[in-house]
Amino acid sequence: MADEVALDLVELYHLKSIATRPHIINFISSAIRTLEKMPQGDATAVPTPALLHDKPVPFNWDQDNDNVKLSQGAATLPTPILATICTPARHYEMLGSFGWEQNNIDVKVYMYLKGVDQEKIETGFTPSSFFIKFHDVEGMNYKFAIPALHKEIVPANCRVITRPEKVVISLVKASRDYWLDLKFKEERPMPMPNWDEEPDPLAGVMGIMKNMYEEGDPEMKRTVAKAWTEAKFGRNR
């Protein structure tokens, strides 16, 4: 059994030398420390920990302390600390600058972004929206989304094309309609004119006469004043 422990230690040292992720290194180091504390001279006293072998050794958990007692009753080992693998949440920078153009078949959206790997792109298309995420672009993550498109698209036919300095998103139209904008905008109805309201037919004429009176010479002022008086009295009859 001592030989098995020694072999396990050699294997663990090798794994530690090639490991790169911090939580994996900590996990291996914990296992190494556990084995190094085991007696090496007594082959029957301490069995190899179940953590390192395919066939687990049954444990009796002692609720009164933090130790784990082996069912054989020969030795007491500290409870192995298993590292929890947690994947940190990605942080994304929102892309706001883009260009677009269209034809009868599709709408193309252009984003100028260098170093994009086609294999590290995540997309999602629906008939009325789409999103795209770019992972590990020179150490950064980016995303872009249109939650409501101007008109519907065909998700199955949409695709993303990467270029050395830009990304092209092809949105295949569901119809050949012309898009007034990339994003959906609610069309506001034109206000209905009030047909019951009758405009004053002399309002424009009175405005012209007022300007002529203010800018004219004395003769023009007398003429305008006379016409104004006649028009006013004519309307009051």
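This is a predicted model: local features need pLDDT of at least 70, side-chain atom pairs count only at pLDDT 80 or more; totals for chains, interfaces and linings use all residues.
**Notebook: surface, sheet and cores**

I started with the overall surface: the protein exposes about 17300 Å², with carbon and sulfur atoms supplying 54% of that.

I have four helices and 11 strands here. Of the 237 residues in the protein, 27% are buried. For contacts between residues at least 6 apart in sequence, I get 53% joining residues at least 24 apart.

**Cores**

I turned to the largest nonpolar core, which holds 24 residues; Phe 134, Ile 169 and Leu 171 touch the most other members. Elements giving it two or more residues are β6 (106-111), β7, β8 (129-137), β9 and β11. The top contributor to this core is β8, with four residues.

I listed the contacts of Phe 134, skipping residues up to four places away in sequence: among them are Leu 95, Met 111, Leu 113, Val 116, Ile 121, Met 140 and Val 167. Lys 120, Asn 141 and Tyr 142 are on that list too. There is also a second, separate core of eight residues, including Leu 9, Ile 28, Leu 35 and Met 38.

**Leu 171**

Is Leu 171 buried or exposed? Its relative accessible area is 0%, and because buried means under 20%, Leu 171 is buried. With residues up to four places away in sequence left out, Leu 171 touches Asp 106, Val 107, Val 109, Phe 125, Phe 130, Leu 149, Ile 153, Cys 158 and Leu 182. I also checked Leu 171 against Gln 102: they are 69 residues apart along the chain, and 9.3 Å separates their C-alpha atoms.

**Nonpolar patch**

Last stop, back at the surface. Ile 208, Met 212 and Met 220 make a nonpolar patch there, with about 260 Å² of accessible area together. I placed Met 212 in helix α3 (residues 203-215). Met 212 has 37% relative accessibility, so I logged Met 212 as partly exposed.

Terms used:
Residues are numbered from 1 along each chain as its sequence is written. Side-chain values use heavy atoms; hydrogens and water are left out. Patches are made of residues with over 30% relative accessible area and no salt bridge: like charges are joined within 9 Å, nonpolar side chains (Val, Leu, Ile, Met, Phe, Trp, Tyr) within 5 Å. Accessible areas come from the Shrake-Rupley method with a 1.4 Å probe; for residues, only the protein chains shown count as cover. A salt bridge is a side-chain nitrogen of Lys or Arg within 4 Å of a carboxyl oxygen of Asp or Glu. Buried means under 20% relative accessible area, exposed over 50%, partly exposed in between (1.4 Å probe, protein chains only). Contact means heavy atoms within 4.5 Å. A nonpolar core is a set of buried Ala, Val, Leu, Ile, Met, Phe, Trp, Tyr and Cys residues joined through side-chain atoms within 4.5 Å.
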